[in-house]
Amino acid sequence: MLQDAAGAVSARAVSKLDEAAAIRAVQRGDQDAFERLVRAYDQSVLRLAMNLLRSAEDARDVYQEAFLRVYRNIHTFRFDCSFHTWLYRIVTNICLDHLRKRRVRREEAAVVDTVDGPVDRMDSFEQEGPGADPERRLWNNQLGIRIESALCDLTPRERMVFELRHYQGMRLRAIGDVLGTSEEAAKNCLFRATQKMRAVLGDLI
Amino acid sequence: MTCDAVIKELALYYYGELAPEVEEGVEDHLQACSSCQAELDRQRSLAVMLDPHELAPPPDLLAECRHELVRAIYREEAPDVRRAASDPWGLFREAFRSIWHPGIRFAQPAGAVALLAMGFFAARLIPEGRIFGPSIPADAMSIRSVQPDSTGRVQISLDETRRRVISGRIDDQNIRRLLLAAAREQDNPGVRVESVQLLKDQSSSAETRGVLLEAVLHDPNPGVRLKALEGLKAFSADAEVRRTLAQVLLKDQNAGVRIQVIDLLIAHQDPTTIGVLQTLIGKEDNNYIRMRCQNALRAMNASLGTF
């Protein structure tokens with residue numbers, strides 16, 4: 001058991017070293033290293049953007065913009081924080097901009113354009129296949145709508161903290177680093193977010 | 001702790017974000033207070049209710065994003081991808097930087113034959129359904145991504161009227177034929193690089209070697225050409241390969257490619273190489289490459305120029 005743990009720690013250390021080497025290679029202009037770096041993180045970036053923005057098209061925009069910013073600015077990365085933190089600062093800033101714009105627009109279209117044609121946002125919440133019990137499908141759809149509504153009631157920052165903590169499993173200290181705020185402020189955000197969620201969804205729990 | 005104080009901390013307690021001393025206080029209180037315990041249960045229920053509503057990106061979205069990123073980077077880099085670097089490492093960097101260069105335009109008939117072959121073999125890979133049937137025009141199909149994994153399999157994503165994913169072992173003959181076609185994929189340098197990267201390890205086949213030679217001679221992307229050159233390393237003594245390399249050396253615009261070709265040519269003693277190197281010295285404007293040629297000629301006891 002101890003050996004396993006030691007092995008895991010050692011593997012993480014090696015992986016950090018690999019990552020640092022890859023970043024330095026990218027800073028020297030090595031495109032292969034850039035691709036390796038992108039592939040190491042891009043699935044989690046896409047998942048984060050998808051969950052925050054609840055739209056495949058917006059998630060795609062965030063992905064492009066985030067990694068292009070990384071590409072343009074990686075020469076400024078000085079290893080004074082982890083690459084993960086640096087990348088997530090970029091991603092969360094872009095996502096926060098999207099969320100703020102939505103709040104300014106006030107109303108979010110229920111139907112969004114995708115590569116496969118117009119898709120209703122709420123379809124994303126469907127948990128059952130076409131053959132499932134109709135009552136259960138209806139219930140799940142309604143639940144999805146309620147949850148979507150509860151998430152929309154959060155401020156962009158509360159939404160971000162909640163997403164990073166609840167769905168991405170990041171610690172609040174790391175979230176504070178990413179968002180350029182204190183752990184305490186991140187705690188307050190999470191507290192307010194859960195209070196609001198409970199207020200909206202209280203009758204369901 | 002009072003009930004009010006505990007209830008304020010319950011969310012952070014649930015997420016394990018309380019300081020140890022506060023956490024201990026909450027736990028002590030919870031053991032003795034059923035109403036706060038019920039509040040904690042509600043917190044848990046909320047989390048359980050939210051968990052299934054995490055969205056997973058659509059299956060093809062990641063591959064599409066990667067593909068678009070490659071294109072976006074190319075658009076940014078294109079003006080700079082020219083022979084500007086002055087140091088030898090810079091020349092290699094220049095070559096790698098432009099790895100995503102799209103725009104290959106092979107002859108249409110060759111492309112059409114390749115696409116038809118892909119249709120035929122892909123149909124055999126997926127027996128049920130007329131996926132590549134004759135009613136679907138071959139030119140409606142293009143390869144979007146090629147992804148190897150650590151188990152020796154490769155996944156090829158291609159568009160016809162809709163995208164379909166085919167996977168199989170790299171040494172599978174049908175997969176290899178798709179890879180050969182992917183190495184000629186017109187608009188996607190990322191696909192070409194990935195395919196050539198996989199094919200170069202199987203360059204013992206004449207067909208594969210032919211594709212690598214074609215890439216070295218005609219692919220507009222220096223990154224693809226460099227990968228293809230790697231695949232030809234083991235055959236640098238072969239007469240046909242050497243003839244192609246000599247052509248590439250005298251016409252390729254990328255200094256990194258020219259340097260690698262020199263390495264391959266001088267790896268074997270061959271009197272015809274002397275003439276090629278002497279010709280190159282006469283027209284080469286890159287100091288480093290001229291120096292490499294001069295060193296190679298001296299090592300072969302040959303004169304540095306033609307008289």
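What share of the contacts in chain B with a separation of 6 or more comes from residues 24 or more positions apart? The figure is 56%. Keep in mind as you read on that this is a predicted model.

**Chain B overall**
- Chain B holds 14 helices and three strands.
- Among its 307 residues, 50% count as buried.

**Where chains A and B meet**
- Chain A brings 48 residues to the contact, and chain B brings 41 residues.
- About 4,600 Å² is buried between chain A and chain B, with carbon and sulfur atoms giving 59% of that area.
- On the chain A side, A:Q31, A:R198 and A:I205 lose the most area to chain B, and together they make up 15% of what that side buries.
- Nine salt bridges are counted between chain A and chain B.
- A:R198 also takes part in a salt bridge with B:E39, side chain to side chain, at 2.3 Å from N to O.
- There are 16 residue pairs in polar contact between chain A and chain B, counting pairs with both residues at pLDDT 80 or more.
- At least two residues of the side of chain A that touches chain B come from each of helix 2 (31–53), helix 3 (56–73), helix 5 (134–153), helix 6 and helix 8 (183–201) of chain A.
- Helix 2 of chain A gives the largest share of that side, with 12 residues.
- By residue type, the side of chain A that touches chain B splits into 23 nonpolar, 11 polar and 14 charged residues.

**Helix 6 of chain A**
- Helix 6 covers residues 156–167 of chain A, and its 12 residues should span 16 Å at 1.5 Å a residue; the end C-alpha atoms are 16 Å apart, so the two agree.
- This helix is mostly covered, with 11 of its 12 residues buried.
- The buried residues include A:P156, A:M160, A:F162, A:L164 and A:Y167.
- After helix 6 of chain A comes A:G169, which has a positive phi near 70 degrees.

**Salt bridges involving chain A**
- Over all chains, a search of the whole structure finds 27 salt bridges.
- A:K196 pairs with A:E158 in a salt bridge, their closest N and O atoms being 2.8 Å apart.
- This pair links distant parts of the chain, with A:K196 in helix 8 and A:E158 in helix 6 of chain A, 38 residues apart.
- A:E158 counts as buried because its relative accessibility is 3%, whereas A:K196 is partly exposed at 29%.
- A:E57 and A:R60 form a salt bridge with their closest N and O atoms 3.5 Å apart.
- These two are separated by about one helical turn because A:E57 and A:R60 are three residues apart in helix 3 of chain A.
- At 24% relative accessibility A:E57 is partly exposed, while A:R60, at 7%, is buried.
- Salt bridges with shared partners join A:E57, A:R60, B:E64 and B:E68 into one network.
- In helix 4 (residues 83–105) of chain A, A:R100 and A:D97 lie three residues apart, about one turn of the helix.
- The closest N and O atoms of the A:R100 and A:D97 salt bridge are 3.9 Å apart.
- A:R100, at 39% relative accessibility, counts as partly exposed, and A:D97, at 36%, also counts as partly exposed.

**A loop residue in chain B**
- B:D270 sits in the loop between helix 12 (255–266) and helix 13 (271–283) of chain B.
- With 17% relative accessibility, B:D270 counts as buried.
- The side chains of B:D270 and B:T272 are joined by a polar contact of 2.9 Å.
- B:D270 and B:A239 are 31 residues apart in sequence, and their C-alpha atoms are 9.9 Å apart in space.

Key:
Residues numbered from 1 in each chain as written. Chains lettered and ligands numbered in written order. Heavy atoms only, no water. Helix = DSSP H or I, 4+ residues; strand = E, 2+ residues; numbered from the N terminus. Expected span 1.5 Å × (residues − 1). Buried < 20%, exposed > 50% of the residue type's maximum accessible area, 1.4 Å probe, protein only. Contact = heavy atoms within 4.5 Å. Buried area = accessible area lost by both parts, 1.4 Å probe. Salt bridge = Lys/Arg side-chain N within 4 Å of Asp/Glu carboxyl O. Polar contact = N/O pair within 3.5 Å; in protein donor to acceptor, adjacent residues only side chain to side chain. Nonpolar A, V, L, I, M, F, W, Y, C, P; charged D, E, K, R; others polar.
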